[in-house]
Structures are given as C-alpha cells and as structure tokens.
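Here is a short briefing on one protein chain. Keep the sequence and the 3D view side by side as you read.

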Amino acid sequence: MGKIAVITGASRGIGAETARLLARDGCRLVLGCHKNKELAEALCQELAASGAEAVAYSGDIADPEAAAGLIECAVKTYGGLDILINNAGISEIKLFTDTTPEDWRRMFSVNMDGIYNTCRAAVPLMVRQHSGSIVNVSSIWGVTGASCEVAYSASKAAVIGFTKALAKELGPSFIRVNCVAPGAVETEMNAHLTEEDRKLLEEEIPLGRLGTAREAAEAIAFLAGERASYVTGQVLGPNGGIVI
C-alpha cells in the first residue's frame with residue numbers, strides 16, 4: 001500500500017499540485033481545506049479517476065481541535081500517517097504602522113500556529129512508528145523579509161526556525177522535517193500584482209519569470225519522499241535565483 005499523506009491548504013494552487021504529485025507516487029491522501037471544500041472534493045474526484053485514493057477534510061488548522069481532527073481523519077480512513085505537508089497559509093500586504101494586533105495574530109495563527117497544531121497531533125504517531133516525513137511551506141520572504149509584509153515575513157521566518165529545531169529533535173526517531181520556501185509563484189496569492197509590478201519583479205529574477213505551482217510542488221514532493229531520505233532540517237528555495 002502507498003504512503004499516507006495529509007496536505008493542508010490542498011484545495012488549490014501549490015497544495016493541489018502537491019496532491020497530484022503525491023497521488024502519482026501512490027500516496028493515499030487527506031486533503032485539508034478551510035473555505036474551499038467543494039474544490040477539495042472536486043480534486044478528490046479528479047484523483048479517484050486516475051486510480052488514487054483521496055478524501056477531503058474541512059477545518060481551520062488555527063483551531064487545535066480542527067487540526068487534530070485532520071490528522072485523526074488520516075488514521076480513521078487509512079490507518080496511519082506517513083507524510084504531513086503543512087502548506088496552508090495566508091498573506092496580506094499592509095504597512096507595518098497599519099497592521100493591527102488582530103492582523104498580526106491572525107497571520108501567526110494560520111501560518112505558524114497551524115503548523116504547530118498539526119505537528120502536535122501528528123508527531124506522536126510518527127514517533128511511535130519510528131518513521132515519518134514533515135514538509136513545512138515557508139516563503140522567500142521568510143528568508144529575506146519583504147517591505148509592507150512584516151507580519152507575513154515574520155510568520156514565515158518562524159516556520160523556518162520551527163522546522164530546523166524540530167528536525168534536530170525528531171531525527172533520532174527517524175523522522176525528517178524539511179521546509180520549502182518558494183519565490184514568486186503563479187498562484188491566487190500573487191494575483192494582485194499589476195502588469196507593471198509583474199514585469200518589474202520578473203526583471204529581478206535571474207530566470208526571468210515567475211514560478212509555477214507545479215514547480216513549487218515538485219520541491220515539496222521531493223522532500224516528502226524517499227529520494228530525500230538523507231535530507232532533514234533543510235530549506236529548499238524554488239525561487240528562480242532571486243535569492244542565492
């Protein structure tokens with residue numbers, strides 16, 4: 001039987017492409033979503049048509065009970081958990097001086113607390129079985145910081161620190177923990193870019209274009225799988241060379 005994988009933020013974009021790749025590799029999937037269950041269920045049907053097994057789970061991972069329910073869904077449906085992909089996240093472009101305590105708290109509650117919540121539920125299972133792979137999705141701005149995105153950058157930097165520390169702690173239990181920090185990718189999160197802003201951004205990228213959701217997902221799938229069996233605590237940056 002294939003590996004059992006949970007993916008948060010799986011209804012669209014990078015999460016959906018990751019689901020397609022893991023399904024291709026034979027994984028049985030739980031697709032986590034919050035507000036887009038119809039999209040997640042449609043993706044389940046798409047994957048089923050290709051012979052894959054997938055179920056959708058709706059809940060806000062910022063809520064510890066919902067996050068625990070997501071992991072429990074994998075256990076009840078397939079009997080365990082091998083791979084956890086923490087992809088769900090939110091962003092907001094706003095001056096720091098306009099960022100309210102509520103803005104700050106919500107950013108961290110999803111982007112960082114959500115990862116804590118899912119890992120808190122999943123890690124005991126992986127420790128007991130002495131195996132597992134966790135991939136957390138950060139951002140290029142978690143590496144370098146972005147003007148007018150202080151809350152987002154800070155939350156994504158926290159993801160990197162969390163990943164490295166947890167990798168050290170779980171290594172003796174043969175559990176790998178890694179991070180992907182994509183650059184500018186063609187997703188709804190970047191749909192706000194004007195054509196002028198897009199061209200200026202592309203000029204800064206050595207490869208001369210934005211990345212695709214599939215390219216970011218390929219990095220996630222690599223770290224999740226056995227091809228990266230000796231890789232842990234690392235940050236892989238599919239960013240077109242904008243940060244080297």
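The buried residues of helix α4 pack against α5 and α7. Those buried residues are D103, M107, F108, S109, V110 and N111. Keep in mind that this is a predicted model.

**Helix α4 against helix α5**

- Two packed helices are described by the angle between their axes and the distance between the axes.
- Helix α4 covers residues 101-111, and helix α5 covers residues 113-129.
- Their axes meet at an angle of about 30 degrees and lie 3 Å apart.
- Angles under 35 degrees count as roughly parallel, so α4 and α5 are roughly parallel to each other.
- On the α4 side, the contact is made by R105, F108, S109, V110 and N111.
- On the α5 side, D113, G114 and I115 make the contact.
- Sorted by class, the contact has three nonpolar, three polar and two charged residues.

**The sheet**

- Strands of a sheet pair through backbone hydrogen bonds, either parallel or antiparallel.
- Here, seven strands form an open sheet, and the pairing is parallel.
- The strand order is β3-β2-β1-β4-β5-β6-β7.
- Which strands sit at the edges? They are β3 (54-58) and β7 (235-236), and each pairs on one side only.
- At one end, β2 and β3 pair in the parallel sense over five bridges.

- Are the residues of β6 mostly buried or exposed? Six of its six residues are buried.
- Both faces of β6 are covered.
- I175, V177 and C179 are on one side, while R176, N178 and V180 are on the other.
- Six bridges join β5 to β6, and these two strands run parallel.
- Across that pairing, V135 has N178 in β6 as its bridge partner.
- β6 and β7 also pair in the parallel sense, over two bridges.
- V180 stands opposite L236 in β7.

**Helices lying across the sheet**

- Helix α5 lies across β4, β5 and β6.
- α5 runs at about 170 degrees to β4.
- Helix α9 lies across β4, β5, β6 and β7.
- α9 runs at about 165 degrees to β6.

**Nonpolar cores**

- In soluble globular proteins, nonpolar side chains tend to be buried together.
- The largest nonpolar core in this model has 32 residues.
- Within this core, I7, L22, L29, L31, L47 and I85 touch the most other members.
- Elements that give two or more residues to this core include the strands β1 (4-7), β2 (28-33), β4 (83-86) and β5 (132-137).
- The helices α1 (13-24), α2 (37-49) and α9 (213-224) also give two or more residues each.
- Which element gives the largest share of this core? It is α9, with eight residues.
- Look at L22: leaving aside its neighbours within four places in sequence, L22 is in contact with A5, I7, C27, L29, I85 and A221.
- A second, separate core has 30 residues, including I71, C119, I160 and L166.

**Two residues with positive phi**

- H130 has a phi near 55 degrees, a positive value in a residue other than glycine.
- H130 lies in the loop between α5 and β5.
- Buried means under 20% relative accessible area and exposed means over 50%, so H130, at 42%, is partly exposed.
- C148 has a phi near 65 degrees, again a positive value in a residue other than glycine.
- C148 is found in the loop between α6 (140-144) and α7 (150-170).
- C148 has a relative accessible area of 28%, so C148 is partly exposed.

**A closer look at E202**

- E202 is found in helix α8, which covers residues 195-204.
- Is E202 buried, partly exposed or exposed? Its relative accessibility is 22%, so E202 counts as partly exposed.
- Leaving aside neighbours within four places in sequence, E202 is in contact with G208, R209 and L210.
- E202 and T100 are 102 residues apart along the chain, and their C-alpha atoms are separated by 31 Å.

Methods
Residues are numbered from 1 along each chain as its sequence is written. This is a predicted model: local features need pLDDT of at least 70, side-chain atom pairs count only at pLDDT 80 or more; totals for chains, interfaces and linings use all residues. Side-chain values use heavy atoms; hydrogens and water are left out. A nonpolar core is a set of buried Ala, Val, Leu, Ile, Met, Phe, Trp, Tyr and Cys residues joined through side-chain atoms within 4.5 Å. Buried means under 20% relative accessible area, exposed over 50%, partly exposed in between (1.4 Å probe, protein chains only). Helices (H or I, at least four residues) and strands (E, at least two) are DSSP runs, numbered from the N terminus. Contact means heavy atoms within 4.5 Å. Axes are lines fitted to C-alpha atoms, for helices over the stretch in contact, and angles run from 0 to 180 degrees between N-to-C directions. Angles under 35 degrees count as roughly parallel, over 145 as roughly antiparallel, 65 to 115 as roughly perpendicular and the rest as oblique. Ala, Val, Leu, Ile, Met, Phe, Trp, Tyr, Cys and Pro count as nonpolar, Asp, Glu, Lys and Arg as charged, and the others, Gly among them, as polar. Two strands pair if DSSP finds at least two bridges between them.
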